Amino acid sequence: MKKDFILNEINTIKGVGLQLSKYLKKKRIEKIKDIILHLPYSETDRSKIVKLNQLVVGKIQSIKVLVKKLNFPRIRNLPNKITCVDDNGKIDIVYFNSREGYLRKLFPLNKWVIISGKVNFFNKKYQITNPDYVTTLDNEQYVVRNIPKYNLTKGINEKKYRSISEEVINNIPLISDWLETDFINKNNLIGWNDSIKKLHSSNDAKDNNSKSFRRIVFDELLANFLTLSENRKRIKKNKIPKNFNNIYSKTIIHNLPFELTKSQRIVLEQINSDLLSNKRMFRIVQGDVGSGKTIVSLLAIINVIKSGHQCALMSPTEILAKQHYELSKKIFKKNNIKIDFLTGKTEYKKRKEILNNLSNGRIKLIIGTHAIFQKKISFSKLGLVVIDEQHKFGVKQRSDLAKKGGENCDVLLMSATPIPRTMMMSLYGDMDISKITEKPSKRKRIITLSKPEKKMEELWPYIQKQILLENQIFWVCPLIEESSFLDYSSAKKKFELIKKKFGNKVGLIHGALTKEKKQEILKGFLEKKISILVSTTVIEVGIDFPNANLIIIENANKFGLAQLHQLRGRVGRGDRQGTCILLFKDGLTKNAIKRIKILKSSDDGFFIAEEDLKLRGFGDLIGYQQSGIKNFKFADPLHHEDLFRLAENYVKNINSQIDLKKYSFLLKLFDKADIINLE
Ligand code: ADP
Ligand code: MG
């Protein structure tokens, strides 16, 4: 096989035709490399020949038998039957839908054969129906053994997949390892070729501490970190430093109705020093919900505008963009700068005018949705791009964005998704990181209560009181992931019930609604036309509903801690006290009780994210699904913390002289080559 064989399509393998390719595609197996990375999840034990008087019904077993009689009834629906014996007993091998000629070849009369399959008992006789393997004695070694078990889809059986997988694994040429032998030994790893062989032929894949599994985890992390590091190098190039005077931002700060927190000030300084430097800024500001990221970004924006550049601020949704737009008009009232608002819905005429004013440089700040980065748009002198709530941005999108901005454009991302420490590097290894660690001190801490669902009745008078006080309420129904229909119907039911109790000012929002409809409902809530908003977890992050002060979350143990924390962050953003009520079904596990305690006792999103990780494990971090963490196939920050650190240090150590060629096989194996346009 040639060096790039791993990128070959699977239909280049002998015996893989169109139909089979289709089935494999369903399992996301499209290229040779996908077969290498598709590890068995277990083994089938066919390793012992069992005598016919020692068979265990229901188990997969291997037998060595003499073919005694073949029976091909000519009546429809009756199966073909082959009777076999050994010294100790008798068994029927039964075939539905099999051709006579084929079976006669497979079962030569009065010859010994090896058969392996699931044993059952029918009509007082042992029987194996459609056995997995039937073979001659000289092939015993191939069948009577432990055989790796792969997660497969309909249309591919074990035997077929095994032949494909073996064809690939047994023919992998010796790869010159990108890791030094010393490094491999010292860190309890194993060479690449050996690790792949072992993962596919033993139980190593099941043991995430085995040397071979650790090796593939390390490789996955290494590929990831190398990509990030390369991305960083390509983005953090020289630029013309921004040149500005701080008095404008100082005046704005002076006129704010509050004082900046120390964290906000530190982060602002970090951003300013990036702006002033001759390297492009590529920074992410992480701060819990309500920590005050927006104002920090606006202060950076005014500096960049005063340095003679344009700025763009992008939000994931229109309603959030609109809030930023209104806020910035207010904040920059005295600065006499032209600000405009652009979304996919902006009318043709207005849009044309905006496009015009962006290219002639009259607009200094454009705020909007992703519409502000359409191909047609050209800026006169774009100096800074700010992306709010960016957790839906992967490395590729970040790198595209940086390209679009041009070489003098600084990039600032803001995220409220707290990421556990171990995962920081794998997500943001290409960026500089700023953290807003404290919340505005005047903000009252949200009161978090828990209640069994069966006492829900007790809530009605409380809710009534809140409505009288003109407090708005979120009612969050559990998201039923498997079924958007069930999801909708449970939210709908709750909506009907609450509507009956509290009349017309009840709204419903759920995932099946169109984007426009959702925005319309959220707008209604923002304008207080709705008092209680029943929803699945589609409540947008980032939007300020200053008047929402109570959030009720049903079946709260279905949510991750970090997610609950994000949800409760929707309330108490104005002057009044925010309250979060977690409803639970009966019989909480110890773990669930622990989780409530953590939420009640802490207000720190980062701490909560760490605890969430510990309690629920990595696979369950729902809130992070879109953040890219899930891109790991093998690495688990809980089990492989040491490897995360090892890979991080490895990349740091070679950073200045990374020879990407040396890792090109690795990068291709893990689908990274495209991201950094590796040749
Ligand atoms: P987030 O970090 O979640 O984006 P925002 O920037 O929307 O938070 O800020 C939430 C609210 O807190 C806003 O109403 C904002 O005006 C207010 N705020 C920001 N900074 C401070 C501060 N230092 N003191 C008091 N309130 C603040
Ligand atoms: Mg925000």
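1. In β15, S434 is the bridge partner of V285. The model is a predicted one. This residue pair belongs to the pairing of β9 (residues 282-287) with β15, which is parallel and runs over five bridges.

2. The sheet that holds these strands is open and has seven strands, ordered β11-β12-β10-β13-β14-β9-β15, with parallel pairing. Its edges are β11 (339-342) and β15 (432-436), each of which pairs on one side only. On average, neighbouring strands are turned by 20 degrees against each other, direction ignored.

3. Helix α13 (residues 348-359) lies across β10 (310-314), β11 and β12 (365-368), and runs at about 130 degrees to β11.

4. Is Q264 buried or exposed? Q264 sits in helix α10. Q264 counts as buried because its relative accessibility is 2%, and the cut-off for buried is under 20%. Neighbours within four places in sequence left aside, Q264 is in contact with E259, S291, G292, I295, V296 and I436.

5. A polar backbone atom of E259 is 2.7 Å from a nitrogen atom of ligand 1. For G290, a polar backbone atom is 2.6 Å from an oxygen atom of the ligand. G292, listed above as a contact of Q264, has a backbone N or O atom 3.0 Å from an oxygen atom of ligand 1. The protein buries 82% of the 570 Å² that ligand 1 exposes when taken alone.

6. A further open sheet has six strands in the order β16-β21-β20-β17-β19-β18, again with parallel pairing. Here β16 (447-452) and β18 (506-509) are the edge strands, each pairing on one side only.

7. The bridge partner of I473 in β20 is L550.

8. Helix α18 (residues 515-526) lies across β17, β18, β19 (532-535) and β20, at about 150 degrees to β18. Helix α19 (residues 561-568) lies across β16, β17, β20 and β21 (579-584), and runs at about 150 degrees to β20.

Technical notes
Residues are numbered from 1 along each chain as its sequence is written. Chains are lettered from A and ligands numbered from 1 in the order in which they are written. This is a predicted model: local features need pLDDT of at least 70, side-chain atom pairs count only at pLDDT 80 or more; totals for chains, interfaces and linings use all residues. Side-chain values use heavy atoms; hydrogens and water are left out. Two strands pair if DSSP finds at least two bridges between them. Helices (H or I, at least four residues) and strands (E, at least two) are DSSP runs, numbered from the N terminus. Axes are lines fitted to C-alpha atoms, for helices over the stretch in contact, and angles run from 0 to 180 degrees between N-to-C directions. Contact means heavy atoms within 4.5 Å. Buried means under 20% relative accessible area, exposed over 50%, partly exposed in between (1.4 Å probe, protein chains only). A polar contact is a pair of N or O atoms within 3.5 Å; within protein, one must be able to donate a hydrogen and the other to accept it, and residues adjacent in sequence count only if both atoms are side-chain atoms. Accessible areas come from the Shrake-Rupley method with a 1.4 Å probe; for residues, only the protein chains shown count as cover.
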